[in-house]
Amino acid sequence: MMEMDWASKFAGIYVAMYSAYDEAGNVDLARVKKLARYYVTTGIRGLYVGGSSGEGILQSVAERRQVVEAVMEEVKGELTVIVHVGANSTRDSVELCKHAEQCGADAVSAIPAIYYRLSEKAVEAHWQQMIDSTSLPFIIYNIPQTTGFKLTMNLLRRMAEQDKVIGVKMSGESTFELQQFKAAGGEHFLVFNGPDEQFLAGRIMGADGGIGGTYGVMPELFCTLNRYYEANQIEAARVLQNQINEIIKKLLSYPSLYGACKYILSLRGIETGQPRLPLLPVTSEHHASLAELNEKIEQLTARYTGTTTG
């Protein structure tokens with residue numbers, strides 16, 4: 001197997017980009033572009049498009065294609081873009097893979113298909129069709145708490161033997177398992193930390209970076225946290241992770257995490273509409289406390305970076 005230094009191209013902080021709809025709930029391409037542009041100067045490595053935060057599973061193939069096109073038109077060459085192409089239908093996933101390659105995406109990623117209780121062999125075949133459909137690097141997305149499928153070491157090893165399978169987005173909750181995935185994949189195999197609240201723990205246990213949804217309202221804080229880790233300033237990193245976790249805990253107290261994050265962005269002039277049902281929006285009763293939370297994020301960002309979130 002050819003060994004590639006994928007870390008030099010992909011390691012770092014990726015915002016799991018939110019959906020962007022108009023007031024009628026339709027994908028709004030101007031808003032997609034404005035949201036992507038917002039992240040360019042925050043210090044992140046790139047965007048993860050169409051994943052959980054982007055509500056890819058709730059969108060049609062046509063809508064997902066439109067979102068990728070808008071993102072690539074806006075930030076291609078400025079940010080590394082990983083496109084989540086996972087869908088229940090393997091055929092839809094392959095179509096999204098080919099489209100991502102045509103648009104110039106840097107890599108694709110996918111969960112297993114959901115709803116059906118799939119065997120390991122079925123999931124492997126599902127992913128293999130995507131891998132074989134393009135020349136793009138492929139990143140496994142492991143999130144067993146939502147998909148119901150637990151990635152095994154044996155399957156990971158078989159997948160990692162392929163040159164195009166460059167890493168795994170590890171959104172399971174065990175940092176021990178994260179470390180084991182890193183060991184099983186080999187030195188050049190990438191592992192991205194998924195749970196935002198344990199980013200530092202994931203990095204300490206071997207993650208090459210992180211892909212997260214709450215990064216989207218505090219990207220500068222996660223970039224700072226990553227720099228602390230890389231500079232071996234572990235105590236400073238621990239203190240910052242704890243402060244970030246207080247924000248995450250508050251975000252999780254609202255009707256939906258994405259509704260809360262979207263409202264915070266709207267306070268900064270970045271309109272992305274409401275999340276798509278069955279994900280719930282926040283309502284007027286939550287606005288005051290979310291404004292306070294946004295102010296807290298802005299204060300922390302100013303303290304740690306000397307910049308503002310806007």
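Biologist: By class, how many nonpolar residues are in the lining of the largest cavity?
Modeller: Keep in mind that this is a predicted model. Seven of the residues lining the largest cavity are polar and one is charged. The nonpolar class has ten.

Biologist: Which elements give two or more residues to that lining of the largest cavity?
Modeller: The count comes to one cavity of 30 Å³ or more, and about 140 Å³ of space lies in the largest cavity. It's lined by 18 residues, and Val-49, Gly-50, Gln-59, Arg-64 and Val-67 are the closest to its centre. The elements giving two or more residues are helix 3 (61–75), strand 3 (80–84) and helix 4.

Biologist: OK, on to the largest pocket. Which element gives the most to its lining?
Modeller: The largest pocket holds about 780 Å³ of space and has 34 lining residues, with Ser-52, Tyr-141, Ile-143, Thr-146 and Tyr-258 nearest its centre. Two or more residues come from each of helix 6 (144–147), strand 8 (209–212) and helix 12 (257–267). The element that gives the most, with three residues, is helix 6.

Biologist: Are helix 12 and helix 13 roughly parallel or roughly perpendicular to each other?
Modeller: Their axes are 10 Å apart, and the two helices pack at an angle of about 70°. An angle from 65 to 115 degrees counts as roughly perpendicular. Helix 12 and helix 13 are therefore roughly perpendicular.

Biologist: What residues of helix 13 make the contact with helix 12?
Modeller: The crossing of this pair, helix 12 and helix 13, is right-handed. On the helix 12 side, the contact is made by Ala-260, Tyr-263, Ile-264 and Leu-267. The helix 13 side brings His-287, Leu-290, Ala-291, Leu-293, Asn-294 and Ile-297.

Biologist: How many charged residues has the contact of helix 12 with helix 13?
Modeller: Eight residues of this contact are nonpolar and two are polar. For charged residues in the contact of helix 12 with helix 13, the answer is none.

Biologist: How many charged residues has the contact of helix 11 with helix 13?
Modeller: Helix 11 passes helix 13 in a left-handed crossing. Among the residues in contact are Glu-246 and Lys-250 of helix 11, along with Lys-296 and Arg-303 of helix 13. By class, the contact has eight nonpolar and two polar residues, while the charged ones number four.

Biologist: Now helix 4 and helix 5: are they roughly parallel or roughly antiparallel?
Modeller: Helix 4 (residues 90–103) packs on helix 5 (residues 120–133) at about 25°, with the axes 9 Å apart. Angles under 35 degrees count as roughly parallel. So helix 4, relative to helix 5, is roughly parallel.

Biologist: How many polar residues has the contact of helix 4 with helix 5?
Modeller: Helix 4 passes helix 5 in a right-handed crossing. Helix 4 brings Thr-90, Ser-93, Val-94, Cys-97, Lys-98 and Glu-101 to the contact, and helix 5 brings His-126, Gln-129, Met-130 and Ser-133. Three of these are nonpolar and two charged, and the polar ones number five.

Note on methods
Residues are numbered from 1 along each chain as its sequence is written. This is a predicted model: local features need pLDDT of at least 70, side-chain atom pairs count only at pLDDT 80 or more; totals for chains, interfaces and linings use all residues. Side-chain values use heavy atoms; hydrogens and water are left out. On a 1 Å grid over the protein atoms alone, a cavity is a set of points where a 1.4 Å probe fits but cannot get out, and a pocket is an open set with protein on both sides within 12 Å along at least five of seven lines; lining residues have an atom within 4 Å of a point. Grid points are joined across faces, edges and corners, and a volume is the space filled by probe spheres set on the points. Helices (H or I, at least four residues) and strands (E, at least two) are DSSP runs, numbered from the N terminus. Axes are lines fitted to C-alpha atoms, for helices over the stretch in contact, and angles run from 0 to 180 degrees between N-to-C directions. Angles under 35 degrees count as roughly parallel, over 145 as roughly antiparallel, 65 to 115 as roughly perpendicular and the rest as oblique. A crossing is left-handed if the near helix is turned anticlockwise from the far one by less than a right angle, and right-handed if clockwise. Contact means heavy atoms within 4.5 Å. Ala, Val, Leu, Ile, Met, Phe, Trp, Tyr, Cys and Pro count as nonpolar, Asp, Glu, Lys and Arg as charged, and the others, Gly among them, as polar.
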